[in-house]
Amino acid sequence: MLETIVQAVINGLLIGGIYALVSIGVTLIFGVVKIVNFAQGEFVMIGMYISFYLATQFGMDPILSLVVTMPALFVIGVLIQHFLIRRVLGPNDMPQIFLTFALSLLLLNLSLMLFSANYRTVHTSYSDEAWHLGGLYIPVAKLIAFVVAMILSAALWIFLHATDLGRAMRAASQNRDVATLMGINPNRVFAVAFGAALALAGAAGSLLMPFYSAYPFVGQVFVLMAFVAVVLGTLGNVLGALIASLMMGIAESLGIQFVGADSGLIVVFAMLLLTLAFKPNGLGSRRLRS
Amino acid sequence: MTKPRQQSVSNRQDHGAHRILSMRPSRRKFLKTAGTAVAAGAFGAVPLRGWAADPVNIGALYPTTGSMAQIGVGCVAAAKLAVDMVNEAGGIKSLGGAKLNLIISDVQSDTTVTRTETDRLITGNKLSAIHGCYASALTLIASEVCERAKMPIITGSSSDQLNKGRRFTFTPFARASQFAKAQLQMAKLVSEQPKVAVIFENTAFGTSTSNGLKELAPAEGVEIVMFEPYSAGFTDASPLINKVKASGANSLFSLSYLNDLILIVRTVKQVGLNVAINGGSGGFVMPDFYKNVGNAAEGLQGVAHWNHDVSDDAQKVNVEFKKRTGEFAFEYAGGLVAQTFMLADALERAASADPQKVREALSTLDVSSGYAAMAPGGKVKFGPDGKNVYGKPVGVQWQNADLVSVFPKEDARAPLLKT
């Protein structure tokens with residue numbers, strides 16, 4: 001029994017790492033640019049397809065292809081912020097919602113057209129491997145994904161707290177007008193934030209590729225969890241999103257194990273409802289950071 | 001060219017449409033009478049030498065775009081191959097060597113489109129018969145339209161629903177209910193005391209198929225130790241496989257679509273769980289499955305309504321299909337070649353391209369040799385419900401990157417590996 005619980009927690013924690021990369025991106029964009037990016041999942045999908053083609057055409061290991069997907073998605077993010085998002089920033093939320101939602105639909109259907117609805121998988125030497133410790137097992141591909149996800153999250157944390165640009169980003173997120181008065185160029189900060197968020201989505205795509213299939217709708221699977229994590233961990237709070245993502249992974253895994261395999265999400269949403277009932281601003285609301 | 005005309009027909013007021021529909025039989029009757037008169041006068045005595053006989057139009061309804069496109073595209077390739085094979089062998093001799101002419105229509109993986117496209121195909125062309133759509137959900141719709149238009153349709157779809165109250169629908173291969181039974185019998189080959197874990201996605205497909213398994217299991221002497229629905233499109237199969245491990249099952253039936261199944265198979269390997277996986281039919285018995293899963297697919301079992309090693313003829317078709325597409329002939333592809341030869345056999349005996357006569361000839365079809373009999377069991381004869389009375393599925397297993405028939409004994413080409 002204890003073994004089953006520990007195994008369920010390990011499984012949940014490992015998949016939670018991937019949820020974290022997606023949700024940190026969403027929360028970063030919300031915190032800094034103050035818009036909800038509904039297309040975040042589609043950028044995970046793009047990251048997966050880039051990794052898939054690098055692996056099948058050039059034999060590049062999907063995890064190594066991080067060095068391509070992250071910069072590529074960063075550039076895409078900066079361009080989207082510069083040419084699209086910047087134009088709809090203003091007092092009215094509606095155009096922003098429509099814009100990112102339309103972007104999501106556009107990318108989804110474009111990928112259906114370009115890549116078809118087929119599932120694409122990459123088979124690496126470690127895809128089916130697992131380490132066995134007593135009765136427990138740890139899948140290698142997921143462990144690598146989890147570790148890299150945590151390193152990237154830590155790197156973002158350090159960037160936000162120890163660099164000028166990071167501090168400027170946090171300043172802009174706390175009060176845009178005052179930050180502008182202090183000489184911070186909000187457009188530059190927004191572009192970097194959007195780019196960084198998309199780079200994280202691209203990283204999630206590359207890390208998923210060794211053990212998950214790429215298909216046009218794949219982003220939708222992860223973005224739902226990301227949105228729950230972002231709300232649970234307080235909108236705009238990077239650390240909150242990280243912790244909430246890991247919690248949700250564990251809750252889902254325990255839910256499947258002990259409630260029913262079609263009830264994993266029920267447990268997650270019950271957790272969300274209870275949190276919102278008692279702490280309407282999310283778990284991270286007391287110490288609002290970044 | 002015909003499209004705008006049909007659109008205008010469907011746009012007309014109701015009474016207009018009725019008028020047109022009521023005109024059709026009389027026009028057909030006229031053509032028939034006139035045609036007979038002309039035939040009697042012109043061709044009755046004069047040999048046809050040097051004259052090209054009118055081609056016989058066969059409609060093909062397949063989803064070549066949308067979510068079901070992958071298999072649909074393969075079906076179209078098989079349909080073309082089959083028509084070429086019939087034509088190269090001299091066409092329909094009783095119709096003066098008439099060639100088969102395939103008219104392909106994309107039903108876009110969508111039930112509404114299937115309805116309109118089937119209608120359009122029938123009204124816009126002079127067809128003798130139709131085949132399609134592989135996916136049961138679409139075939140059910142196409143079959144309804146064909147029944148109303150009195151157009152024979154022959155299909156590889158397995159839904160038992162297709163054999164209820166239909167006169168123009170012919171199903172030469174095993175039915176869904178037979179698949180479940182075959183799966184349970186295969187579990188008995190794996191272990192003396194089969195303990196089966198059934199995991200199924202909580203959709204109409206998963207629920208209905210799993211209930212069929214549950215009902216049949218006691219009669220087959222198979223114990224179901226776990227019966228668990230899951231949400232389709234999950235991110236992680238580990239918790240589910242943990243449960244399978246705890247249940248002590250020695251066989252795992254997974255009623256899943258491709259993506260979930262890939263995750264499940266990989267996770268079973270990672271856990272190191274010694275359980276025989278039966279992935280059923282559909283995406284599991286497609287060449288793509290092996291490409292996606294790789295070595296982990298070795299030893300996995302499934303059921304199919306056709307396999308490329310069921311007969312010598314099937315292997316010939318397989319070689320030709322491989323030459324054209326680079327993949328082995330999957331169940332629907334091979335089945336489709338057989339179906340086309342069944343239609344050719346019916347046309348030959350009917351000596352007419354008239355759909356009604358083709359239907360009559362199909363209902364008396366009885367073959368046990370040649371490409372038309374290329375089905376598990378090797379015989380085709382339709383009962384009054386359009387079901388092949390000899391129809392049965394074949395149990396298959398992935399061995400050395402190939403799908404091999406392993407069940408039942410008389411159709412087995414290799415022994416079942418108990419891994």
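Predicted model: local features only at pLDDT ≥ 70, side-chain atom pairs only at ≥ 80, totals over all residues.
What percentage of the 290 residues in chain A is buried?

1. Burial and overall form of chain A. Buried residues account for 53% of the 290 residues in chain A. The radius of gyration of chain A is 19 Å, close to the 19 Å that the globule rule gives for 290 residues, and chain A is therefore as compact as a globular protein of that length. Along its principal axes, the C-alpha trace of chain A extends over about 60 × 50 × 35 Å.

2. Secondary structure of chain A. Chain A contains 11 helices and two strands, and its elements, read from the N terminus, follow the order α-α-α-α-β-β-α-α-α-α-α-α-α. When contacts in chain A between residues at least 6 apart in sequence are considered, 76% of them join residues at least 24 apart.

3. A backbone point in chain A. A:Thr234 deserves a look during review, as its phi is near 75 degrees, a positive value in a residue other than glycine. A:Thr234 sits in the loop between helix H9 (218–232) and helix H10 (238–258) of chain A, and this residue counts as buried because it has 25 C-beta neighbours inside 10 Å, the cut-off for burial being 20 or more.

4. The corresponding point in chain B. For B:Gln108, phi is near 55 degrees, again a positive value in a residue other than glycine. The loop that holds B:Gln108 runs between strand S2 (100–106) and helix H4 (111–124) of chain B. B:Gln108 is buried, since 20 other C-beta atoms lie within 10 Å, and the threshold for that class is 20 or more.

5. Cis peptide bonds in chain B. Most residues other than glycine have a negative phi, and most peptide bonds are trans. In chain B, a cis peptide bond links B:Gly132 to B:Cys133, with omega about -10 degrees; B:Cys133 belongs to the loop between strand S3 (127–132) and helix H5 (136–149) of chain B. A cis peptide bond also joins B:Phe407 and B:Pro408, where omega is about -10 degrees, and B:Pro408 is located in the segment after strand S14 (402–407) of chain B.

6. Domains of chain B. The domain assignment divides chain B into domain 1 (52–174 + 313–381) and domain 2 (177–304 + 394–411). The centres of these two domains of chain B, taken over C-alpha atoms, are 30 Å apart, and the contact between them draws 10 residues from domain 1 of chain B and 10 residues from domain 2 of chain B. On the side of domain 1 of chain B that touches domain 2 of chain B, the classes are five nonpolar, two polar and three charged residues.

7. The contact between the chains. Chain B contributes 29 residues to its contact with chain A, and chain A contributes 29 residues. On the chain B side, the elements that give two or more residues are helix H3 (69–88), strand S7 (223–230), helix H8 (238–247) and helix H9 (258–271) of chain B. The largest share of that side, seven residues, is supplied by H9(B). Sorted by class, the side of chain B that touches chain A comprises 11 nonpolar, 13 polar and five charged residues.

Terms used
Residues numbered from 1 in each chain as written. Chains lettered and ligands numbered in written order. Contact = placed C-beta atoms within 7 Å. Helix = DSSP H or I, 4+ residues; strand = E, 2+ residues; numbered from the N terminus. Nonpolar A, V, L, I, M, F, W, Y, C, P; charged D, E, K, R; others polar. Domains from an automatic or database assignment. Rg over C-alpha atoms; globule rule 2.2 N^0.38 Å. Buried ≥ 20, exposed ≤ 12 C-beta atoms within 10 Å, placed from the backbone.
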